[in-house]
Amino acid sequence: MDLRGRRVLVIGGAGFIGSHVVEQLVREDVGEIIVYDDFTRGTVKNLETALRDPRVKIFELGGNILHTDLLDTAMKGVDWYLNTAAGAQTGGEAFSTTSTTTVSETRPFSGFVASTIRPWNVTSHGTTCGAG
Ligand SMILES: NC(=O)c1ccc[n+]([C@@H]2O[C@H](COP(=O)([O-])OP(=O)(O)OC[C@H]3O[C@@H](n4cnc5c(N)ncnc54)[C@H](O)[C@@H]3O)[C@@H](O)[C@H]2O)c1
């Protein structure tokens with residue numbers, strides 16, 4: 001995939017994986033890198049180095065993938081996006097992929113939101129906005 005000069009949105013970009021993706025993107029000839037994150041687990045510190053690059057920006061209006069209006073706005077003009085937020089956190093309690101089943105069993109709605117609604121929001125809005 002040729003990302004030269006492209007506008008890229010990294011959802012969950014302040015988290016462990018997302019911030020490393022941002023760091024990798026900074027090394028490429030990408031036009032702009034936007035981080036969309038609700039900072040429930042991610043931190044600005046994770047992006048400290050990357051943010052020194054003027055191409056890296058945090059989407060300032062908000063960052064929750066359940067807020068579809070904001071997600072729409074963030075995805076406008078985006079050529080490519082990557083979602084590392086889905087399933088990372090629910091109801092203020094962190095869980096990893098391996099414990100998703102437990103969360104789904106004990107708190108079915110939280111598990112459903114994390115595993116289904118969040119990824120669906122991202123995919124459907126990405127398609128609507130024409131981002132790949
Ligand atoms: N870290 C690993 O080794 C690993 C391995 C396999 C799979 N995964 C999966 O990859 C994904 C990312 O893992 P990670 O380690 O980077 O997790 P992480 O918690 O460090 O990062 C997730 C990011 O998503 C953000 N986030 C959470 N809920 C959000 C929401 N509703 N809207 C917007 N942002 C939200 C958090 O603030 C955080 O910055 C998770 O789904 C995880 O289960 C991680």
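**Exercise 1. How many of the 5 residues of strand E1 (residues 7-11) are buried?**

Start with the ground rules. This is a predicted model: local features need pLDDT of at least 70, side-chain atom pairs count only at pLDDT 80 or more, and totals for chains, interfaces and linings use all residues. Residues are numbered from 1 along each chain as its sequence is written.

Next, the terms. Strands (E, at least two residues) and helices (H or I, at least four) are DSSP runs, numbered from the N terminus. A residue is buried if 20 or more other C-beta atoms lie within 10 Å of its own, exposed if 12 or fewer, and partly exposed in between; C-beta atoms are placed from the backbone.

Now count. In E1, 4 of the 5 residues are buried, so the strand is largely enclosed by the rest of the structure.

**Exercise 2. Find the strands that pair with E1**.

Pairing requires at least two bridges found by DSSP between two strands. Take E2 (residues 32-36): it runs parallel to E1, with 5 bridges. Here Leu 9 faces Ile 34. Then take E4 (residues 80-83): it is also parallel to E1, with 4 bridges. Ile 11 lies opposite Asn 83.

**Exercise 3. Which side chains of E4 are buried?**

Tyr 81 and Asn 83 point to one face and are buried.

**Exercise 4. Locate the buried face of helix H1 (residues 16-26)**.

List the buried residues: Gly 18, Ser 19, Val 21, Val 22 and Leu 25. Seen down the axis of H1, they fall within an arc of 155 degrees (taken from the directions from the axis to the C-beta atoms), so they line one face.

Note on methods
Right-handed = clockwise from strand over helix to strand, strands pointing away.
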